[in-house]
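Please open the model in your viewer and keep the sequence panel beside it. The stops below say what to select next and what is to be found there.

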Amino acid sequence: MRLRRLSTLTTAALLAPAFIALPAQGEPAPKPVETTKETAPLVDPDSPRVGDGDHASTQDVALAKQTSPEIARTPDLEVLGATGRQEVDETLAVIGVTWGGSTPLAVQYRTEDARGWSEWQGIDTGADGEGADAGSGTRNGSDPIVLTGVKAVQARILGAAGESPRNPTLSVIDPGHGDADANTDRTAGAAQAAASRPQIRSRAEWGADESLRRGSPSYGVVRGAIVHHTAGTNNYSPSQVPAILRGIYAFHVKDRGWSDIGYNFLVDKWGRVWEGRYGGTSRALVGAQASGFNSVTMGISVMGDYRQVQPSPAAIDAVTRTIAWKASVHGFDPQGRFSSNGGTYRNVSGHRDVGQTTCPGLIYGYLPAMASRAAALKGSASVGHTGGSAQTGGTARPPVVAAPPAGILNSSDAMLRGSSGALFAVSPKGAAGITYARSIDKRNWRGYDPVLVTQDISGDTFPDLLTLGSRDGRLYVHPGTASGVAGRRSLGGGWSSMSHILAPGDWNGDGRADLLAVQRSNGALYLYPGKGANTFGSRVKIGSAWGVYRHVVAVGDWDGDRRPDLVGVTPGGQAYLYRGDGRGGFLRSARKPLGSVAGYDRFVGMTGSGRLLAIRPNGSAAVLRPAGKGMAATNVAPNFRGLTVFSG
């Protein structure tokens, strides 16, 4: 058995670890772009400002019932409010309507160009924000609509006679201009293997202003994919795509009151895939894209309006490849079905399957063929089978090595080293399972202990590996890539003076991955705030007396409050939860007893799932998860005998 404790690292000089500030690699990332907006109230339709916007024809009423199924059976629809004429930037603007309360409404808009006013057009409405996006600050509303080539807009709401929605408002968002808009490359990028990670353009590449985001990401499971379209215009250029994304992001956060952009991924008509919600493209990130299904699916939206126009082959191909890759990472069958909210649904569904909407328009007819092709692309690249056996102990063999999902690291992974020095990983699956092991890197990793997965610290959006050199006491980052793990870069020396080194993800809530470490000499717990591009700020002491613990583990969000937590285990096997405050410290009365974990000698925090993988001396393992005020253990099938399992 080679399950050595982290506390047995060779002791070096008791100096504070020092970081080396390394220059960023390659071209600098585009700078965040500020968005601005103007608002206009929807006033009484009898107001002179409304003009003829108070009149709804029979065709307009039919359109309202088509785009807003919640009011489809309402016998007497009427215009309840409207704006006047609102000027917009002819180049590009994003609009949307919000209101307080839960009154079901239809939203319509018309645009003005040199030829005059268009016909009234409908906008889908819904309340898809939930989970991390739920709260008193959220508002009901429409989808955001992208406008190009028009000089003015007018919006109105229709509903049952006598309804009085609270404070209905039109927002006109200017997504700004920045370095990101110079990206005119239409190349979608090809996956390097059947179910490999497609090229995904990062949030930095579309100029996301990370200061808009609220709170920390939430994680669930991914049992399937929900396909959307953004609606609005199809008449956009490659260089306008970043601005469109910024406009959607701003509307979702500033107007709907959500924590971030709702979609996990967006795809433009050239087949370019863009990162949506912050928190890791390979993780089971909870979005705000399908109410009631956000914690069990991922959402991907094609940019454009496909109610009457067919999508491009490039867009369909990109969505299909993204679904195949996510199916490989999370282990679902694109042609299968999942159960949720008392119903069963196709693993590749349209928004209309799970909500009262017409979304994703004509794309809906493509979904069966997309699911079939995604299943074929996924092929043998499955990450393995789900653990979760309730039997005592485990199998008598090491984990079976399944084909890796393009060698991509998942920031929830537990890292393993085989007898040859090669590196493997297992991932959480479902509520209390893990995958069988997959190969990560065949090089010799015997010179490092520990080897930890961390959220991206190198600046390329991929999770990275963090290692401690067993002989030199230096800390290294090994950047994760689309095809594996790149060469190491030193972050500084003196780290063998630490008894525990942790990769908790974003501990202080600033959107960057941080480090935590316990000083061996005095038990002090230090935060090293991440600054991006392999750099960290000056350390901050955030705790004392952590030397009493044999194990200190970063578990992600254990208690479901969307803040990262730690677990400490005493030499006697008592486990304690320390609840992080999401700002770099801990909540008051943060220490909570979880119960005994005697019988396990190694613990790995699977940060994306808020679970612990616990290993016994005989190599059998269990997943520990919250249960009431304590925790529950579910034995899992893989056995880790003969493998080095790294804690942290």
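How many bridges join strand β31 to β32, and do the two run parallel or antiparallel? Four bridges join strand β31 (residues 514–519) to β32, and the two strands run antiparallel; strands here, like helices, are DSSP runs (E, at least two residues for strands; H or I, at least four for helices), numbered from the N terminus, and two strands pair if DSSP finds at least two bridges between them.

Before going further, note that this is a predicted model, in which local features need pLDDT of at least 70 and side-chain atom pairs count only at pLDDT 80 or more, while totals for chains, interfaces and linings use all residues. Residues are numbered from 1 along each chain as its sequence is written, and side-chain values use heavy atoms, with hydrogens and water left out.

**Aromatic pairs**

Next, display the rings of Phe, Tyr and Trp (its six-membered ring), which pair if their centres lie within 6.5 Å, with planes under 30 degrees apart counted as stacked, over 60 as edge-to-face and the rest as tilted. By this rule the count comes to 16 aromatic pairs. One of them is W206 with Y249, edge-to-face at 5.5 Å centre to centre and 85° between the planes. This pair links distant parts of the chain, 43 residues apart, since W206 sits in the loop between β13 (200–201) and β14 (224–229) and Y249 in helix α2 (residues 241–255). Both W206 and Y249 are buried. Then select W507, W546, Y549, Y576, Y578 and F586, which ring pairs link into a cluster.

**Helix α1**

Move to α1 (residues 58–67) and colour its buried residues, D60, V61, L63, A64 and T67. They cover an arc of only 160° around the axis (taken from the directions from the helix axis to the C-beta atoms), which puts them on the same side of α1. The face turned away from that buried side carries the exposed residues T58, Q59 and Q66.

**A four-stranded sheet**

Finally, show the open sheet with the order β36-β37-β38-β39 and antiparallel pairing. Its edge strands are β36 (551–556) and β39 (586–596), each of which pairs on one side only. Inside the sheet, β37 (residues 565–569) and β38 (residues 574–580) pair over five bridges, and A575 in β38 is the bridge partner of V569.

Notes:
Buried means under 20% relative accessible area, exposed over 50%, partly exposed in between (1.4 Å probe, protein chains only).
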